[in-house]
Protein chains: 2
Amino acid sequence: MPRWGPDADNRLYLSAMELIFERGYDAVTVAEIAEHAGLKKRSFFRHFADKREVMFAGAADFEKAVVDAVRAAPRAVRPVDAVMTALADAGAGLTKWGEPVRQRQRVVATSIELRERELIKFDSLASAVAEALGEREVDDLTAILVAKAGVAALATAFQQWVDAGGPADFPELMAEAHRRLRAALCDGP
Amino acid sequence: MPRWGPDADNRLYLSAMELIFERGYDAVTVAEIAEHAGLKKRSFFRHFADKREVMFAGAADFEKAVVDAVRAAPRAVRPVDAVMTALADAGAGLTKWGEPVRQRQRVVATSIELRERELIKFDSLASAVAEALGEREVDDLTAILVAKAGVAALATAFQQWVDAGGPADFPELMAEAHRRLRAALCDGP
DNA sequence: TTCATGAGGACACCGGGTGTCATCACCTCC
DNA sequence: GGAGGTGATGACACCCGGTGTCCTCATGAA
């Protein structure tokens with residue numbers, strides 16, 4: 001399909017990762033990323049909406065995977081369980097890539113603007129999940145709350161996975177987060 | 001204490017609100033805000049870290065109020081209830097200001113960068129709440145999850161309050177969010 | 001061979017944000 | 001009351017992210 005230098009998107013992505021992992025996000029300019037990929041600054045912005053976005057390539061795929069899994073869950077499954085399972089599975093797929101993912105996440109942690117972008121990705125994910133829940137006769141308020149709670153569990157489990165360093169079972173981290181949240185909310189005096 | 005033109009912070013804030021409410025966030029430059037307050041662009045950045053920050057003046061006070069309330073909650077109160085109550089009370093204090101707060105929030109909704117900033121404020125709030133919970137013998141994982149669930153309820157209730165338009169009882173919106181979340185997580189098959 | 005197409009380049013411009021040095025009102029202390 | 005310290009502001013020069021516009025040119029189809 002690409003009729004020019006093949007795969008400009010991917011070349012830019014790889015170029016960005018190489019330079020940013022080496023020197024840090026703030027110390028690399030868009031012009032440098034582009035030149036390193038054999039392109040010009042102006043062209044970078046034809047492939048990525050802004051500099052931050054290159055760090056979140058694949059986020060749309062992740063969101064789609066989660067939403068599809070929520071939609072595919074049997075109606076008998078409670079909404080919260082459908083969401084937690086979908087997020088755990090998608091997270092398992094992501095964390096399977098191991099070290100590069102951790103490295104990327106450590107870069108995100110160094111920059112406020114990247115943290116902000118990450119949070120809006122999470123928020124977008126929650127909204128999409130809530131909408132998917134709406135298709136299974138869950139009221140809007142419950143849907144968004146369950147979605148946000150799920151995303152909170154995901155973010156927490158993901159952080160633990162990054163900090164763990166070695167191999168860690170992501171779905172188990174998610175399940176543990178779910179249990180703790182449930183205990184905190186449900187076990188009452 | 002201020003020995004120059006009094007209250008430059010507040011002048012800049014009022015100047016920003018006036019211009020932004022009138023023309024929209026993107027259509028107003030920092031230089032315009034500063035000049036309108038009798039200052040120069042360079043000085044704006046001596047009072048606010050960036051352009052977005054002027055829309056969130058008072059966020060630090062809000063966070064402090066919440067954290068103090070969590071700390072002040074009796075030990076017998078469950079963590080989740082302490083958090084929800086603290087957030088409901090702080091939210092009540094905020095929503096008491098009525099229309100100007102709704103107007104500000106509508107501006108935030110128009111801009112991606114403002115949404116991002118809002119999300120990181122919420123995230124900061126959750127971290128601060130989690131730390132406060134840590135002081136009452138709540139394990140770290142539970143603390144951050146409860147804090148994030150509370151903030152999710154806050155954000156949802158706040159959105160409902162903005163959309164409601166007229167007077168709305170914020171603590172009741174929070175309580176309803178808490179009930180729905182609890183029902184979704186706890187009522188099992 | 002010609003032509004439409006779309007990726008990429010050139011170039012100018014804008015606005016947010018920062019480093020640095022100069023200025024100047026105010027306060028204090030002698 | 002004058003000297004000096006202090007801190008807020010101004011002036012100015014940059015940098016970089018981001019965009020609008022027009023031009024170039026390889027490619028594939030007719």
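This is a predicted model: local features need pLDDT of at least 70, side-chain atom pairs count only at pLDDT 80 or more; totals for chains, interfaces and linings use all residues.
Modeller: Ground rules before you start: helices are DSSP runs of H or I with at least four residues, strands are E runs with at least two, and both are numbered from the N terminus. Residues are numbered from 1 along each chain as its sequence is written, chains are lettered from A, and ligands are numbered from 1 in the order written.

Colleague: Fine. How many helices and strands are there in chain A?

Modeller: From the N terminus on, the elements run α-α-α-α-α-α-α-α-α. The tally for chain A is nine helices and zero strands.

Colleague: And what share of chain A counts as buried?

Modeller: Buried means under 20% relative accessible area, exposed is over 50%, and partly exposed lies in between, with a 1.4 Å probe on protein chains only. The C-alpha trace spans about 60 × 35 × 25 Å along its principal axes. Of the 189 residues in chain A, the buried share is 48%.

Colleague: Which three residues supply 22% of the area that chain A buries against chain B?

Modeller: Contact (heavy atoms within 4.5 Å) takes 34 residues from chain A and 34 from chain B, and 100% of chain A's interface residues are interface residues in chain B too, so the copies meet through the same surface. Buried area is the accessible area (1.4 Å probe) that two parts lose on being put together, summed over both; here that's about 3100 Å², with 68% on carbon and sulfur atoms. The trio that supplies more of chain A's part than any other three is A:Glu116, A:Leu145 and A:Leu185.

Colleague: Is A:Asp123 buried or exposed?

Modeller: A:Asp123 is found in helix α7 (residues 112-134) of chain A. Leaving out residues up to four places away in sequence, A:Asp123 touches A:Lys148 and, across in the other chain, B:Arg115 and B:Leu119. With a relative accessible area of 16%, A:Asp123 is therefore buried.

Colleague: On to the DNA. Which residue has a polar side-chain atom 2.8 Å from a base oxygen of DNA strand D?

Modeller: 23 residues surround DNA strand D (near means a heavy atom within 4 Å of it), and A:Arg42 and B:His47 are among the closest. A polar side-chain atom of B:His47 lies 2.6 Å from a phosphate oxygen, and a polar backbone atom of B:Lys40 is 3.0 Å from a phosphate oxygen. The base oxygen, however, is reached by A:Arg42.

How values were computed
Side-chain values use heavy atoms; hydrogens and water are left out. A polar contact is a pair of N or O atoms within 3.5 Å; within protein, one must be able to donate a hydrogen and the other to accept it, and residues adjacent in sequence count only if both atoms are side-chain atoms.
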